[in-house]
Amino acid sequence: MNRRDIIKSLSLLPVAGSIFPKQSFLSISTPHNKPMPDLHREAFVMDGHTHVMSRELVLKTDIGQRYPDGTVDLPRAREGGLDAMFFSVYTPENYYPGRFEIKNTFRVVNLALDQIKKNNSMIELALTASDIDRINKKGKMAAFLDLEGGYDLYGDLDLLRALYRLGLRSMQLTAHSTTNAFIDACNDVYTWGGINDHGKAVIKEMNDLGMVINVAHASNDAIIQSAAASRHPVIYSHGGFHKIVDHPRCITDEAAKAIAAKGGVIGVHFGSLFNNPKYWAWQKPNNPIRVQPSPQPKIPRIFTAQVTTQTIEDVDKEFARELPFTFNGTIPDEYWMHVDQLAKVIDYGVKLVGEDHIALGSDLDGGPELPREIKDISDYPQITIALQKLGYTNLRIKKILGLNWLRVIRKVTEGK
């Protein structure tokens, strides 16, 4: 089952001095049909969940080159006014059965470091919020590495520390859409009633290291328990709101408030599946819930090595057929979301938890059915335009565009 099938089958104030003029970006020629408001050009813009390195690893491409397809590359990111991105390094379920997930995770993190170094004229690795400040002042984008939980590390703290030493500063706790050895995924068998004792130990270790805890894809109970267990704010990098779309990947009001109460941030996904009730109603009959969650703990479904002659290169070839992760289907007009509707979802979040706790987590190159006005990351200014139409103040927009992410990163990585 490919990523797209999996997805569709799953039924404070900003820190002073954090706003930088984008001097180097002023020299970037933005296409005439892609306007960039002055506010967007001036603001610090950060995406909380952008897929990178999957196609680079398997297809041997270079994110510094402009791709003819997909939705993310560095030239288009600069045209969209991006200052920083959570680089989502991702190991999908394809690698689990043969137990290649750990090997793939380390090679994709290493590749991210190599590609960042190769494209140093445009982007640099950031380990802290101060690094992001410094990199932006040089007119470059900052990459903040986030692991999309794609492997069941069984809560191995030595592997976690090794990834930290490589430069990983954020991690999704679940094994993507799979319940692992210490935390329940929102759309898989509920095993632990949220998180277990070792899950709390993982959270403590991440707190001690100064790593951002990402609870996207976790169950409602797991999100609430993770926020309670953490000394630091936690993030929900990408998703919608369950009150708007009752998809299991969308966050409940209760869980959103728990994140906000801890000082955390919720990143609003760009896809129709999580934000457009009409689209979800149209899709839902053909997309039953993959595993019906149980209120009672069940025996954990742990992947074990299979007797197989398949190599990791064989898995790569299968995985390559899914790339890039972009929606290429046709959406009838009545189900195709406009960016103004996405802005209203953002507004719902602001009204629910406050302007200090809502940001953007597009999931670009991760498969979302984008709004009509957003074809790729170069169209990011459309979000600013839509929020301006709602009458949002400049400061509120700047918080949502990136200052809220920066605040949490500063608190977690620097204790400030």
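**A walk through the predicted model**

Strand β1 (residues 46-51) and strand β2 (residues 84-90) pair in the parallel sense over four bridges. Strands count as paired if DSSP finds at least two bridges between them. Strands here are DSSP runs of E with at least two residues, helices are runs of H or I with at least four, and both are numbered from the N terminus. Met 46 stands opposite Ala 84 in β2. β1 is mostly covered: six of its six residues are buried. Buried means under 20% relative accessible area, exposed means over 50%, and partly exposed lies in between (1.4 Å probe, protein chains only).

This is a predicted model, where local features need pLDDT of at least 70 and side-chain atom pairs count only at pLDDT 80 or more, while totals for chains, interfaces and linings use all residues. Residues are numbered from 1 along each chain as its sequence is written, and side-chain values use heavy atoms, with hydrogens and water left out.

Now look for empty space. Rolling a probe the size of a water molecule over the atoms shows where such space is left. A cavity is a set of points, on a 1 Å grid over the protein atoms alone, where a 1.4 Å probe fits but cannot get out; its lining residues have an atom within 4 Å of a point. The largest cavity has a volume of about 80 Å³. That volume is the space filled by probe spheres set on the points, with grid points joined across faces, edges and corners. Among the lining residues are His 51, Ile 63, Val 72 and Asp 365. Helix α3 (residues 54-59) gives the largest share of the lining, three residues. By class, the lining has seven nonpolar, two polar and three charged residues. Nonpolar covers Ala, Val, Leu, Ile, Met, Phe, Trp, Tyr, Cys and Pro; charged covers Asp, Glu, Lys and Arg; the others, Gly among them, are polar.

Leu 323 and Pro 324 also line this cavity. The peptide bond from Leu 323 to Pro 324 is cis, with omega near -10°. Pro 324 lies in the loop between α13 (312-320) and α14 (339-353).

Most peptide bonds are trans, and most residues other than glycine have a negative phi. Phi of Arg 99 is near 60°, a positive value. Arg 99 sits in the loop between β2 and α5 (101-118) and is partly exposed, at 28% relative accessible area. Asp 363 has a positive phi too, near 65°. Asp 363 lies in the loop between β9 and α15 and is buried, at 3% relative accessibility.

Next come the charged pairs. A salt bridge is a side-chain nitrogen of Lys or Arg within 4 Å of a carboxyl oxygen of Asp or Glu. The count comes to 26 salt bridges. One of them joins Lys 34 and Asp 379 (3.8 Å, N to O). Lys 34 lies in the loop between α1 (3-9) and α2 (38-42), and Asp 379 in the loop between β9 (358-360) and α15 (381-389), so the pair ties together parts 345 residues apart in sequence. Both residues, Lys 34 and Asp 379, are buried.

Another salt bridge joins Arg 161 and Glu 205 (2.8 Å, N to O). Arg 161 is in helix α7 (residues 157-166) and Glu 205 in helix α8 (residues 197-209), 44 residues apart. Arg 161 is partly exposed, at 26%, whereas Glu 205 is buried, at 12%.

Key:
1 Å grid on protein atoms, 1.4 Å probe; cavity = no way out; pocket = protein on both sides within 12 Å on 5 of 7 lines; lining within 4 Å.
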